[in-house]
Amino acid sequence: MRLNRLTLTNWRSFKGTNTIEFTKDKQKNVTVIVGQNGTGKTALLNALTWVLYGDTTAGFRRPNDLFNHAALKEIPKGKYEHMKIILELEHEGGDYELIRKQEAILSNEGNIILSSPTFNATLTRNGLTKHIEQDDINGLLPPGLHPFFFFPAENIGKDIDQNDAAAIRASMSRAIDVLLGIERYSNSLKIISVALSDYLRLPSNTPRDSSLDDAENDLNIKRQKWEQAIELKTKLPKEIKKLEALIEDLNGEIERAAQYQEALNSLNNIKSDIKETEISTSNARERQIELINANCALLFGRELFSKASKILDKAHRDNLIPPRVSTGLLEDIIENNKCICGRELGHNELLQIEAVRSKTVEDQIAESANSLRGRLPRLVDGELDKICAQEILKYSIKICENGRKLAKLRASQRELLNEQPEISYNDPNKTLEAWKEQNRRLQKYETDLSEIDGKIDKFENDKKASERKYQQILSKYSSAKLVSRARNILSEVEDALTKIQNAIRSSARQDVERAMNEFYGPLLLKDYYINLTEEFRHEIVDKQTNSVVGVSSSEIALATFAFVGSLAGLMPVYSNLERLIPTGEKGSVGELHADRYNAYPVVLDAPHSPFGPKYALEFSKALPDLLPQSIVIVREDQLKYLDILIERNRIGSAYLLQLNTSQTNTSTINWMGKQYALVVKQDSEGPSFTNISQLPIG
Amino acid sequence: MPTEDNQKKLTFNAEEIRELIAEMQQDSLTIFASIISEVKDHGNALTDVVINELARKYADKARMLAKAGEEE
């Protein structure tokens with residue numbers, strides 16, 4: 001497949017009609033598009049997905065706002081304007097033209113009305129042109145794969161552990177299933193399974209004996225075991241993938257926590273000092289209060305206590321202080337409604353007792369008064385104790401000192417948290433616990449998966465044996481002979497589908513792994529290779545030690561690019577496989593070759609973003625030899641990575657996205673020794689827009 | 001540029017699949033080709049309702065083929 005031309009009319013920031021001719025030169029096979037932020041680089045990538053599928057990439061901002069604003073503003077009342085994308089491509093000797101279009105009308109009332117987008121596509125082969133449908137396009141390039149052929153590399157970002165990158169990795173496993181058409185086989189298997197379980201049984205009104213019931217039950221159990229194992233085999237790798245992403249995130253957290261360890265230790269010391277000081281203050285206060293209570297006459301003067309003592313004595317003599325009553329006993333009597341001799345109390349008796357209990361409030365007064373009467377003479381007659389006064393003063397000083405210390409400690413705590421806010425919520429112990437827990441789960445899933453792998457053949461054989469036994473018993477019933485034969489036909493299809501699915505996955509694993517390594521090797525500066533597991537998970541292995549290694553984010557990003565390349569290389573082969581295998585025509589399959597020479601084109605948005613300068617340069621160097629046609633969309637500050645392509649004469653066409661705006665801006669780029677303006681000043685005050693200018697090559 | 005040698009390294013041997021298909025009885029092959037093509041037409045996301053409908057359809061089809069075989 002080769003992309004020939006892309007024509008944009010009023011698409012997003014692109015006003016009017018702009019055309020990009022993609023290079024078809026086999027030597028100069030890279031098309032470069034340069035633009036600064038905000039000029040529509042990602043919109044350009046999305047123009048391709050929109051014209052192909054009517055869809056935009058995940059993360060594309062304002063996906064429902066596609067019509068150029070400046071063009072909409074200029075529509076006269078009652079008139080139409082259109083937004084349109086045309087993609088011309090060639091594939092296997094056919095010329096395809098795809099047009100997706102949307103119209104806008106400005107009503108007489110001044111409202112803009114947008115039509116639903118329309119799609120029109122033609123294929124011209126051997127001079128004959130025919131209309132083709134969306135399904136034909138989906139067959140050409142499955143929608144499940146478009147995120148890889150139109151690859152928004154900027155989403156990988158500076159940190160490979162971020163969500164977008166995790167989503168890309170998760171969709172890689174799904175992309176392989178799409179590439180191989182695996183879902184078609186698993187869906188066919190589901191259908192046959194339901195047909196055998198629910199629709200091909202002995203009619204329920206037929207008299208049956210226990211041997212048939214037993215065989216049916218046995219078959220149900222064996223089939224269920226086999227189906228559960230198949231389901232787990234599909235589900236567990238996805239769970240493992242999720243856990244791995246989570247563990248990677250936790251690894252990052254642990255690393256970050258280690259960086260903050262020193263600050264965290266300081267914070268913990270401050271916290272411990274604060275707690276200690278607070279306890280010391282509290283103890284000092286308590287001790288001080290005790291001393292004050294014991295020596296209050298010293299502090300408040302004897303006269304006050306002498307007067308109080310006299311007043312209380314008089315109150316006692318005048319019977320103003322009520323007598324003491326035992327409240328506990330009264331409470332028991334009221335609660336149990338019984339006298340202490342066990343007799344039930346009458347209503348009036350109870351009221352009387354409750355009335356007596358009300359005096360217990362006064363009883364408390366009596367207690368306090370008596371206690372005070374006992375203590376007051378001591379207070380009045382007590383000696384001035386200098387040592388005690390000094391001690392009280394000492395505690396006052398201690399409390400003041402602690403107050404000053406606490407203020408200092410709290411200020412240090414605030415300062416530390418301002419400098420490194422991460423430590424306020426990052427608890428390394430908890431992160432480590434979570435990491436251990438997720439690793440335990442990962443190990444369990446991996447053990448489960450390996451156990452299932454070991455048992456799945458046995459489950460399949462058990463199911464087959466039960467099926468044969470069931471069919472034998474069924475065939476003894478004259479009414480069920482037909483059912484038995486029908487089951488035999490479907491069982492044979494089920495068996496073949498299972499084997500084909502396994503064979504495709506197994507061969508494809510080797511092909512994808514080999515293809516990934518062919519792309520990874522030239523990009524990588526180290527002696528690593530990619531190992532693709534049975535579950536289509538990729539891990540990076542050191543060739544010297546033959547062990548899985550932790551690699552840098554650049555190296556992981558390169559593995560993602562290797563996957564993009566391997567899809568592009570394998571696509572022409574598997575699209576043939578797609579056509580040939582399902583027909584089931586004997587002898588028509590033959591031997592198929594993966595074809596990197598005719599690999600599909602790949603459009604890379606900001607491909608240098610995930611790398612450091614060294615790898616970015618290596619990537620540019622290797623790209624033209626890895627893919628027969630690649631389109632790179634770059635920011636102006638990444639142009640330096642393309643110098644090597646200019647030097648080696650590998651660029652076949654180049655374009656500049658120029659922003660037209662009323663604001664003054666003089667930024668330029670240097671392209672092959674000449675300056676080109678990134679911004680063009682427009683006279684009117686209308687919305688800014690972008691146009692595409694061709695840059696010279698060679 | 002990629003070379004012809006590179007291509008040869010990436011070989012998908014579909015012989016095994018061809019043999020599996022060739023080994024099937026004619027009735028099974030008919031069902032196989034039909035079900036694969038029908039599932040493709042339906043797209044990959046099949047609902048339970050569609051699976052159930054297709055299961056009934058293929059059970060009937062298998063019964064019909066079995067009956068035709070019996071009559072022969």
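Modeller: The expected span of a helix is 1.5 Å times one less than its number of residues. The model shown is predicted.

Biologist: How far apart are the end C-alpha atoms of helix H1 (residues 41-53) of chain A, against the span they should have?
Modeller: Helix H1 of chain A has 13 residues, so at 1.5 Å a residue the span should be 18 Å. The model agrees with this, as the distance between the end C-alpha atoms is 19 Å.

Biologist: How many residues of H1(A) are buried?
Modeller: Buried means under 20% relative accessible area. H1(A) is mostly covered, and of its 13 residues the buried ones number 12.

Biologist: Which residue just after H1(A) takes a positive phi?
Modeller: The phi in question is about 70 degrees. The residue that takes it, just after H1(A), is A:Gly54.

Biologist: In which strand of chain A is confidence lowest?
Modeller: Chain A averages a pLDDT of 80, and 83% of the residues score at least 70. Confidence is highest in strand S2 (residues 17-21) of chain A, at 96. At a mean of 47, it is lowest in strand S12 (residues 592-593) of chain A.

Biologist: How many contacts beyond four places in sequence does the model have for residues 582-593 of chain A?
Modeller: Over this stretch the pLDDT stays under 50.

Methods: Residues are numbered from 1 along each chain as its sequence is written. Chains are lettered from A and ligands numbered from 1 in the order in which they are written. This is a predicted model: local features need pLDDT of at least 70, side-chain atom pairs count only at pLDDT 80 or more; totals for chains, interfaces and linings use all residues. Side-chain values use heavy atoms; hydrogens and water are left out. pLDDT is the predictor's confidence in each residue, from 0 to 100. Helices (H or I, at least four residues) and strands (E, at least two) are DSSP runs, numbered from the N terminus. Contact means heavy atoms within 4.5 Å. Buried means under 20% relative accessible area, exposed over 50%, partly exposed in between (1.4 Å probe, protein chains only).
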